[in-house]
Each structure stands twice: as C-alpha cells, then as structure tokens.
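Please keep the sequence and the model in view while reading.

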Amino acid sequence: HKAQIAHQKMLWDKMTIYSDFFGTKSELLSKYEKLKEFDTYIATDEKKLNEIKNYIDQFSSNLPEPIMTSLKNDVAKMFNEHERFKNALQKIQKEIDDRLEMWKIYQENCDKLAQLLDETENNLKGFSFKPTLEEKREMQKHFHGIYTNLKEHENDFDSLSDKASDLIQSC
C-alpha cells in the first residue's frame, strides 16, 4: 500500500502543474486535455484500492486485530485521499472549462461584431457624391441608418472590450 500512497502523491504533484486556469485559449485547451488524462488514473486507482481492500478483508482472520485495524484505517485514508484528489481534479477541470467558455463567448461576440463592421463597410463603399437634393437626402437617410445601427451596438463593443480586458488579465 506504500506504493499506492506514493502514486497518489505523484498524481497530486502532476495535477498541480496543470491546476493554473489562467492563460490563452490554446494553453487552457492543452491543460484541459492533460487533466482529462487523469481520468484513466482515477479509474485504475479505484480498482487498485478495491483490490487492496478485498485482499485485507480476505486475510483479516490471519492477522492480529491491531494490525487489521491499522491496515483498514490506512485503506480508508487512501480512499479518502483518492476522493479528495478526484474532487480537486473536477474543480480544476470546471474552472478551466468555465474559462474556455468565456473565450468561446468572446470569440462569438468578436465574430458577430466583425460581421456588423463588414456590413457597415459594404454599405459605406457605395458612397458617391449625388448631384440632386433629393438624392443627397436619400444618402443622408442611408448614412443616418448606418450610424443608428452602429449606435445600437455601442454597448456590444463596450462589453467586448471589457471581456477582452478580463481575458487579457488572465493570460
């Protein structure tokens, strides 16, 4: 069981390397993938711990009571440590997943606003000086509509700027 304790310590040390949930989107994705590899360790460790527990239960009649009590306490501690590790891993994965969701929302907002700017640019490309007053009034209405559309999305631009600041601070 000492090997199992050493193995759990090694897993804690490895997980600590990837527990930082700050960074760029690609860094977070890399950390998330590395943390997903721990799921294999968790399943294997649960199997090993159950084997140790079964082994102790099987041979409990052959050992003195104080030794059996000590072994059962050690196994219970290993199970508790394993649960603590599992919970910590899930918490880190959730924090990284939440941060990745922030990046996804940010990217969606960027794409939406980029599309708005492209549409606005296309609307402005058709500009040319008009000779008659009526045509000039139509152009004024057209430009006023473009201005109003941009003004309606002003909060979106501000929100995007705030999200960008938040994400940059977390890198």
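Across the whole structure, a search finds five aromatic pairs, a pair being rings of Phe, Tyr and Trp (its six-membered ring) whose centres lie within 6.5 Å, with planes under 30 degrees apart counted as stacked, over 60 as edge-to-face and the rest as tilted. The rings of Trp12 and Phe85 have centres 5.3 Å apart and planes at 80 degrees, so this pair is edge-to-face. It joins distant parts of the chain, since Trp12 belongs to helix H1 (residues 2-18) and Phe85, 73 residues away, to helix H4 (residues 65-125). Helices are DSSP runs (H or I, at least four residues) numbered from the N terminus. The model is predicted: local features need pLDDT of at least 70, side-chain atom pairs count only at pLDDT 80 or more, and totals for chains, interfaces and linings use all residues. Residues are numbered from 1 along each chain as its sequence is written, and side-chain values use heavy atoms, leaving out hydrogens and water.

Trp12 and Phe85 are both buried, where buried means under 20% relative accessible area, exposed over 50% and partly exposed in between (1.4 Å probe, protein chains only). Phe38 and Tyr41 form another edge-to-face pair, at 5.7 Å centre to centre and 70 degrees between planes. Both lie in helix H3 (residues 38-58), three residues apart. Phe38 is buried at 2%, whereas Tyr41, at 28%, is partly exposed. Trp12, Phe38, Tyr41 and Phe85 form one aromatic cluster.

In H1, the buried residues are Gln4, His7, Gln8, Leu11, Trp12 and Met15.

Terms used
Helix = DSSP H or I, 4+ residues; strand = E, 2+ residues; numbered from the N terminus.
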